[in-house]
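Here is a short report on a two-chain model. Look at the sequence and the coordinates first, then read on.

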Amino acid sequence: MTIHDLTLAELRARLDNRELSAVEVTNAYLERIAATNPDLNSFITVCNETAIVEAQAADQALAAGEVAPLTGLPIAVKDIFNTAGLRTTCASRILENYVSPYDATAIARIKAQKAVIVGKLNMDEFAMGSSNENSAFGAVRNPWNLEHVPGGSSGGSAASIAAHQAAAALGTDTGGSVRQPAAHCSVVGLKPTYGRVSRYGVVAYASSLDQVGPVTRDVRDSALLLQAIAGYDSADSTSVDTPVPDYQANLTGDLRGMKIGLPKEYFIEGLDDDVRKAITDAAATYKALGAEIIEVSLPHTAYAVACYYLIATAEASSNLARYDGVRYGLRDENAEKLIDMYMQSRAAGFGTEVKRRIMLGTYALSSGYYDAYYIKAQKVRTLIRQDFLDVFEKVDTLLTPVAPTPAFALGEKTDDPLQMYLSDIYTIPVNLAGTCAMSLPCGFSAKGLPIGLQLIGKPFDEATMLRTAHAFEQATEWHKRTPKF
Amino acid sequence: MTQRYETVIGLEVHAQLTTNTKIFCGCSTEFGQTPNSQTCPVCLALPGALPVLNQKAVELAIRTGLATNCQIAPRSIFARKNYFYPDLPKGYQISQFELPVCEHGWLDIDLENGERKRIGITRAHMEEDAGKLVHGDTPETSSNSLVDLNRACTPLLEIVSEPDMRSADEAISYLKKLHQIVVYLGVCDGNLEEGSFRCDANISVRPYGQEELGTRAELKNLNSFRFIKQAIEFEVERQIDLIESGGKVVQETRLFDSNTGMTRSMRGKEDAHDYRYVPDPDLVPLVISQEWIEEVRATLPELPEAKRSRFVEELGLTAYDAEVLAADRELADYFDASVALAKDAKSCANWIMGDVLRKLKETDTTIANAPVSPELLTGLLARIADNTISGKIAKKVFEKMWQNGQTADQIIDKEGLKQVTDTGAIESLVDEVIAANPGQVAEYLGGKEKLIGFFVGKVMQASQGKANPGMVNQLLKQKLTGN
Ligand SMILES: [Zn+2]
């Protein structure tokens, strides 16, 4: 047994029966990170010192019998989460040396259970990207093939879990940023329903779309980590005060009577043959497990990407206004006038993609264009949401691809933002609709790159979605494969 | 020349709401604290921080809306007003734009000619205040600007009037009325100098008879009623002169300079921001139930206007007295409490408007802290009514009461001020005075009847003011004329 190959649930059992201590587990992971990070670049900050201190505290809690589900478990978090006393960069030059004075709610919740935070993960700058190439700290590489991207924006989260650098990770998903990299790295990524997990302390990209989600090696771990972070938070007005069920208790493997929809708009031109086959096979597996497979329609799917790039950029253009060099972050000290300080600090601090989206969003909100772009996009969003509510009258879950293709090569799409944007075509509608979805391993391409399937659940019914995912995982071996790394 | 033009004025008032904590975080709103000591991740706009609406601020907005005859929106939304400035930490101000919390209200103002005029209130919306820029005061720091964010994120209600006012006097009348209401309601402390009640004025002129509005200028930096009047009057003159000399008014923001009494251009229309208003995705729509509105309505105090008419119609005060007494909520409460105890509203009004207000002014005290409570005051009035003391003695007693907080009875007893109503005792004093002043008696009998005052004075003096003046008068006349 190698410590870093164990899942959260397996580590839990060994910590509880004292086979392992939290300090041993943490050391094993810190060593693994040290050995692998030069190749992957999945971490921006490794918590070599604080992680040991936290592990010691976890061991004390274990000794005292004060055990929570995450006590002593090594977790890495995307560098978008505010972590008190640690650098929180959002993979941007503008926050390169920013140390946050407070914990995000999701962080506070896992800390309250005495989880051990082993490091802060690389990502696309301000979560804007689908390949993790937009990082001021360099691209992350895919552990399955170092010449390929891990996906984005939570690329570091997915790569680190695939490469066993942490037992689980937290990412964020605004248009597919947890699910798409999870698919590209053959791990499990879950985007909860909007409002299920607090956004407080998560650096905002697009506030009406952002949601925190777990990245794990299997579905049980996903349930475990979601359990820890889900639930109402009075510090986030958009978090929803609705009961959180016991997710692990729902993992029964029972799919009898389950209706799974295949939205026909998701199986169109541009869908890679290997991916199409993997999803078709997955549907067959579900049928064999007793689920009913039904073709359904989400008629407004084609407008989702355009709609997303108006709403997300509009919100981002406003959310990123606070990085002005006045109170914290990068400031051009040579600026003569106030306006120069703003312009030069932001010009130096933001990367190309971030600037592109700020400009797009600013344009969409400008006087004279607002109605034609932003308002129109909001109307389309309502129609897309209604599409999902309509199909959920007929089916319990939707089964779709996560991305049209397996992970593309580094540099392949960096010159073509539009092509890059289209890689999120299957994940974006879920964020616009505000419902939950998850990605899990379902095969490999002819070139040996991972393929993921997406399950889309009813709003606030993560439990049924997890049960559906777990049953597939039990029936297949894909999640057991690890990269030869 | 001025007579050919009609002035059109619309006012925007920013009233700082009297919540203990800020509108979107839990920081204190107390004024005058150490810079940046009242801040947190939310009002510093640290990455990842989120706003949460203060429900108390909503309640105060509803209160103001109801008192200004507005409709309270069952659903209103917060929007971001985007612009860069160092005192605006998020790079946007959270305000309300398309759906404000209050709309379609009005206030009636009294014109000089005794008529009333209704001024429309377009809307009142909630928003957060910005911080403050402080400029260095030493040679080394004079080129620096320091940012104090204690005020950032404190709640404001912006109350926007229709362009219904036609003169500076009307504008002041509206402002004073609005000021009185928000202070009465306790939603705003009304301090103009500290900026808790701020006013911007939109001014334009047009030839009489023209329906279309003239181009307007927006005046800022008006922090007293006097300056507002001055600024409007200056601006109206400026615009008329400009038009008369063949020029054109341009749409711009102008700053009033209280030193020169003039307004000067701050920024023109071409420099106007495109604020790119957008609904704030961090805040859910504000939903206000009818029950909540009714709950707030039930707690509304009687407003000045209602008080005034009650004082006139039910208590028989003059319009002037009613106006003075209703102008301040605590003064009106003091008056009401006094009337409840003494029944005689007129004498209560006279005493409060006379001696009580005078002492407050002399001692720089507020009515709430007056050492003479309504109970004490009406105790004094009772002794006048039952002839225990004269009005003149009462003034002395009142002074003592103010000094030591004792009851009128205690002071009257201790100082022996009880009025002499014993006919025999007064009679002997009268006799003494007549005997001691034969010359004046002769003159009086010779027809100089005015001298009765002289004799009354002498008797009162001899009684140390305690003799009942009515009885003294009567007895003197009897004795002097021998009948
Ligand atoms: Zn604060």
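## Model and conventions

This is a predicted model: local features need pLDDT of at least 70, side-chain atom pairs count only at pLDDT 80 or more, and totals for chains, interfaces and linings use all residues. Residues are numbered from 1 along each chain as its sequence is written, chains are lettered from A and ligands numbered from 1 in the order in which they are written, and side-chain values use heavy atoms, with hydrogens and water left out.

## Domains of chain B

Chain B splits into domain 1 (2-293), domain 2 (302-415) and domain 3 (423-482). The bounds come from an automatic or database domain assignment. Between the C-alpha centres of domain 2 of chain B and domain 3 of chain B the distance is 33 Å.

## The A-B interface

Chain A puts 38 residues into the contact and chain B puts in 31 residues. Contact means heavy atoms within 4.5 Å. The two chains, A and B, bury about 2700 Å² between them, with 57% of it on carbon and sulfur atoms. Buried area is the accessible area (1.4 Å probe) that two parts lose on being put together, summed over both.

Across the interface of chain A and chain B there is one salt bridge. A salt bridge is a side-chain nitrogen of Lys or Arg within 4 Å of a carboxyl oxygen of Asp or Glu. The partners are B:D282 and A:R199, at 3.1 Å from N to O. Between chain A and chain B, 18 residue pairs are in polar contact (both at pLDDT 80 or more). A polar contact is a pair of N or O atoms within 3.5 Å; within protein, one must be able to donate a hydrogen and the other to accept it, and residues adjacent in sequence count only if both atoms are side-chain atoms. On the side of chain A that touches chain B, the elements giving two or more residues are α9 (304-319), α10 (338-349) and α11 (352-365) of chain A. Helices (H or I, at least four residues) and strands (E, at least two) are DSSP runs, numbered from the N terminus. The most comes from α9(A), with four residues.

## Salt bridges

Over all chains the structure holds 55 salt bridges. Side chains of opposite charge can pair when their charged atoms come close. A:R199 also has a partner in chain A: its side chain meets that of A:D236 in a salt bridge (3.8 Å, N to O). A:R199 lies in the loop between β5 (188-191) and β6 (211-216) of chain A and A:D236 in the loop between α7 (219-229) and β7 (259-263) of chain A, so the pair ties together parts 37 residues apart in sequence. Both A:R199 and A:D236 are buried. Buried means under 20% relative accessible area, exposed over 50%, partly exposed in between (1.4 Å probe, protein chains only).

In chain B, B:K177 pairs with B:E305 in a salt bridge (2.2 Å, N to O). This pair links distant parts of the chain: B:K177 is in helix α2 (residues 168-185) of chain B and B:E305 in helix α5 (residues 304-313) of chain B, 128 residues apart. B:K177 is buried at 10% relative accessible area, whereas B:E305 is partly exposed at 29%.

## Buried residues of chain A

A:F472 sits in helix α15 (residues 462-475) of chain A. Its relative accessible area is 1%, so A:F472 is buried. Beyond neighbours within four places in sequence, its contacts include A:Y286, A:L289, A:L453 and A:W478.

A:H184 belongs to helix α6 (residues 179-185) of chain A and is buried at 2% relative accessibility. A polar atom of the A:H184 side chain lies 3.4 Å from the backbone nitrogen of A:A407.

## Backbone geometry

The peptide bond from A:G152 to A:S153 is cis, with omega near 5°. A:S153 is in the loop between β3 (116-121) and α5 (155-162) of chain A. A:N132 is found in the loop between β3 and α5 of chain A. A:N132 is not a glycine, yet has a positive phi of about 60°. At 0% relative accessibility, A:N132 is buried.

B:D364, a residue other than glycine, has a positive phi near 50°. B:D364 lies in the loop between α8 (345-363) and α9 (374-385) of chain B. With a relative accessible area of 72%, B:D364 is exposed.
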